[in-house]
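Here is a short report for a first look.

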Amino acid sequence: MMPGLSARLALRALNRLLMIAVVLWGAATIAFVVVKLIPGDPVGVISGGDNIVDGPQREAIARQFGLDQPIAVQYATYVRRALTGDFGTSYQYRQPVTRVIVEAGGYTVQLAATAMLIAVVAALISAIATAGQRAKLRAALIGFELIALSTPIYWIGIVLLTLFSFKLQWFPVTGSDGFRSLVLPAVTLSLPLGALLSQVLRDGLEDSLTQPFAMTVRMRGVGETILRIRHGLRHAALAASTLTGTLLASVLGGSILTETVFGRPGIGQITLQAIKSRDMPMVLGLVMFSALIFVIVNIIVDALYLVIDPRLRRASHE
Amino acid sequence: MAAVKSLGFLLAMALAPAAAQAQDTKPVHGGTLNVALGTDTAIIDPSITGSSVTAVIARNLVDSLVGQAEDNSFTPWLADRWEISDDHTRYTFHLRKNVTFSDGTPLDAEAVKYNFDRIIDPKTTSAYAKSLLGPVKSIEALDADTVVIAYQKPFSPLLQGLSLPYLGIQSPTYLKKTANTKNTVVGSGPFTLESFVKGSGSHVIKRQDYNWGPGYAAHKGAAYLDAIVFKILPEASVRLGALTSGQVDAIDNVPPANYRSVQENPSLQVVTRENPGVNTSYFLNTSRGPFADEKVRQAFQSAVDVKSAVQAAYLGSLKPADNIFGPSTLYYDPSIAASWGYDPSKANKLLDEAGWSERDGEGFRTKDGKRLTVRYVYDSSDKSAEEVLLAQAVQFQVKQVGFDLELVPTDDGGHTGALGSNDYDIDSFWYVRAEPDILRTVFLSDYIPPKGANSARVNALDERLLKAVGASDEERKKLYGEAQKEIIKKAYAVPLFVAAYQLGASRKLQGISWATNAKPNFYDAWLER
C-alpha cells in the first residue's frame, strides 16, 4: 500500500459527500421554485373539502403555516429546517411530512422490493435460458417482453385483476393485508421492469458469448450453463446495472399507478394526492426523499461495479 | 321495442327502492360489511375536515346532539330534548343520561362544551365544522346534563349543522391527551375505529354496549354488523369488478356507463340518493366580460338544453336540475321549474338586444369585432369524465345561438388561481346540505373568491340571505323562495343536474338508511345470510 492512498481515499469520500449535498440542495431548490411558480391557493388546500374560510381565518391559517412571509424568508426557513430532516407540516394530513413519508414508505418498500426480486429472477432465467439459443422460445419471450414494456402499467393491473381476482378469485382485489394481497400488485409492477432487464441482460449475454474469452472457457471444457452464469453474466450485469436510474424511476412511477389501481397505501398514493392538492411541504418532502434514494442507490451501484468488474478495482489502486 | 324496454327500465328504477323496503325479513346480527370507496380522505377527525368520505366513515363513530330524519325533521339523539328561544339566539339542550364514550368517559355537558370550544379555537384549524356552528357568543354547561349555545344575532340553521358528523361529539379525555387527532377518533357511536390507514381505508368494529341512537333509526341497541371495512379503490372499473365478484358488498360512485348492468344484475342493486343542497350548476361570473350583461346570461341559460345534455352524459342515471336547489332541500320551490328552460329563439332575441348581433366566419356572434367567447375554467382532476362530456354537450348547444364556450381544463392550483384573480366566466360545483342556508356559502358577497365559493360574484342577495339566517320559519320560506327565483331570473347560474350518492350494493345488504346530507348510514344495516 502506498502512503498517500488513505489520504486520497478520504479526499474522494469528501468529494463524494459534497456532490451528494449539492444534488440534494439542487433538488430542494428546484422543487421549491417549481411549487411556488404554480398558481393556486394553498389556504384553500389547508382548509380542505367544502372550504368556507372568511378573511380573518385565511390570515390565521397563512400565519400558522408561514405563508405570510416573503418568499426569500420562506425559502431560508425551508432549507434550514430541511437540514435537520424537518420538512414542515403537510397541508392535507396536518402531520409532519417526514412522518407521513415514513409511514407510507414501508408499504412501498415492500411492494417495490418484491417487484424487483420477481423482475430480477425472471429476467435472469429468461436471459440465461434464451441468449443465443432456443430460437422459438427466445422469439416468444422477446415478443412478450415487448408487449409488457409497451403496455401501460394500470392496464396490466386491471387485466391481472379481472383474470386472477374477479374471475378466478385466487387473490383478493384490495388492500395491504398479508402476502396474498401483495402478489398481484408486485407482479404488475415487475412485468415492465423484468421485460426491460431481460432484454438488456440477453443482449449483453449474447455479446459476451461471442468474445474470445468465451471460446477459451469453452476450450477448458467448462459446460455451457456454467459459462453463462459464471462468466457471461458478469459482462451482461455491467450493462444492466447502468440502467439502475431508469429502473428506479419506473419503480417509483409505477408504484403510483399500481397503488392506485390496487388501492394500496404507499408513497405513490401520497405523491399523487400531494401533487393534485398542491400540498407543498409534502411535494418538497417527497422530492427530497426520491433524490435521497437515487443518491443512495447510485452509491451502492458504484460499489457494485467494483465487485462485478475487477478491472475497475485495479484502476482505483493505481 | 326499445321504447318498451326503456319503459320497463324506468319502472324497475321506480320500484326498486320500494321493493327493497317492502321485504320485511328480520334483521340478523353478525358479519363484516366490506365497502369500497372511490376517494380517500387525509383526516379522519370530522371536526377538522370538510371531507365527505370522512363524514361517511365518522358517522359510525360519533353521535350527534340531534338527528335529522329523511323527511328533514329533527329527532333526539344525544340530546333528549331542546328549547330554542323565539329569536333563535339561545339553544338549550338536555342531554340523555348514561351515555359513555368508547373509552369509558361519560357524556355530559362539559364534554359537549369542550368539543365545541375546541372547534371554535383557531389553533384547531377547523373550517367546515366551525362554519356550521355559526357566530357563537358563548357555550355554557348549566349543569351536568344541560348545555346552552348562545348567539349575539339570531342563528336558525344550528340544528341541521349539529345533526352532521362534523359536529359529532368526541371523548374529551381522548381529545385532551391526544396532540394529533388526524388519524384517530374516539366517540360514543355504534362502532369504534380499529384502524385508519391513508390510501388503504378504515376498519371499524361494533360496540357491544351501545344502547342509544338517533331517533330516526329503525332499531335500538347495538348495531347489527360486527364490523365494517372501508377500502379505497380509486379506479372505477376495479371497484365495479370487486363488487360483481363479491369481494366487497357495496361501492360508491357507480360509473354511469355501468349503471344499467349493475341494475340488471339480479344479485346487485343501485340505491340512488339525491343530494339536498345546491345542484351541480354553472355559475356565471356577473362581474366581468359578456356575462356582466344580464341579457347575455339569460341568453346563455336559455341556450342550454339541460335535459338532453344531462341525458347524453349520464345516460339517465342522474336527474336534470330544474332549480338551484335539489328537490330534497328544505324550502325547495317547485314552481321555479316552469320559469326557465331551453328556448333558442329567446336566446337569439336577447343576444340581438344586447348588441351581439354580428356573426363571424365560424358562426359565433361578435360585437365591435370581438367574439362572444366565455371561458369555463375547471380542475380536471376534480371533474369526472361525465362532467367533461356534459360540458362538451353544452358547448355544442350554446354554439347554435352563437356562443363560443371555451373549455379550459387545469389543475387544482390553476383553478383556484383563476377564481382568485377573477379570470373566468364560468365555474361549476355543487354543495350538499339540506339546510337552505347553504345559499349563503354560495351567494354571499363576503365569499367572493378567493374568500369562498361565490363564483357568480353576486352582491344582490346579501340582505335576504343574512336576514334568513335568524328569521322565523315562515319568513325564511318566503326569503329563500325569493332567492331561488332571483338566481334563475337574473341567470346567476345554470342548474344542470341533481348530484347524487349512488351506492351499488349486493342485494344481501339491507337496512341502509340515508342520514342527513344523502350519505349512507350503516347503523341499521345488516347482511342477509
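## Where the chains meet

In this predicted model, 44 residues of chain B are in contact with 44 residues of chain A. Together, chain B and chain A bury about 3,600 Å². Carbon and sulfur atoms account for 57% of that area. Three residues stand out: B:T125, B:K198 and B:Q247. They supply 15% of the area that chain B buries against chain A, more than any other three residues.

## Contacts across the interface

## The chain B side

Which elements of chain B give two or more residues to the side that touches chain A? They are α4 (128-133), β10 (227-232), α7 (236-244) and α13 (412-420). Of the elements, α13(B) gives the most, with 5 residues.

By class, this side of chain B has 20 polar residues, 15 nonpolar and 9 charged.

## A helix in chain A

Now look at helix α5 of chain A, residues 97-130. It has 34 residues, so at 1.5 Å a residue it should span 50 Å. Its end C-alpha atoms are 47 Å apart, which agrees.

Where does α5(A) bend? The bend is at A:G105, by about 35°.

Technical notes:
Residues are numbered from 1 along each chain as its sequence is written. Chains are lettered from A and ligands numbered from 1 in the order in which they are written. This is a predicted model: local features need pLDDT of at least 70, side-chain atom pairs count only at pLDDT 80 or more; totals for chains, interfaces and linings use all residues. Side-chain values use heavy atoms; hydrogens and water are left out. Helices (H or I, at least four residues) and strands (E, at least two) are DSSP runs, numbered from the N terminus. The expected span of a helix is 1.5 Å times one less than its number of residues. The bend at a residue is the angle between axes fitted to the seven residues ending there and the seven starting there. Contact means heavy atoms within 4.5 Å. Buried area is the accessible area (1.4 Å probe) that two parts lose on being put together, summed over both. Ala, Val, Leu, Ile, Met, Phe, Trp, Tyr, Cys and Pro count as nonpolar, Asp, Glu, Lys and Arg as charged, and the others, Gly among them, as polar.
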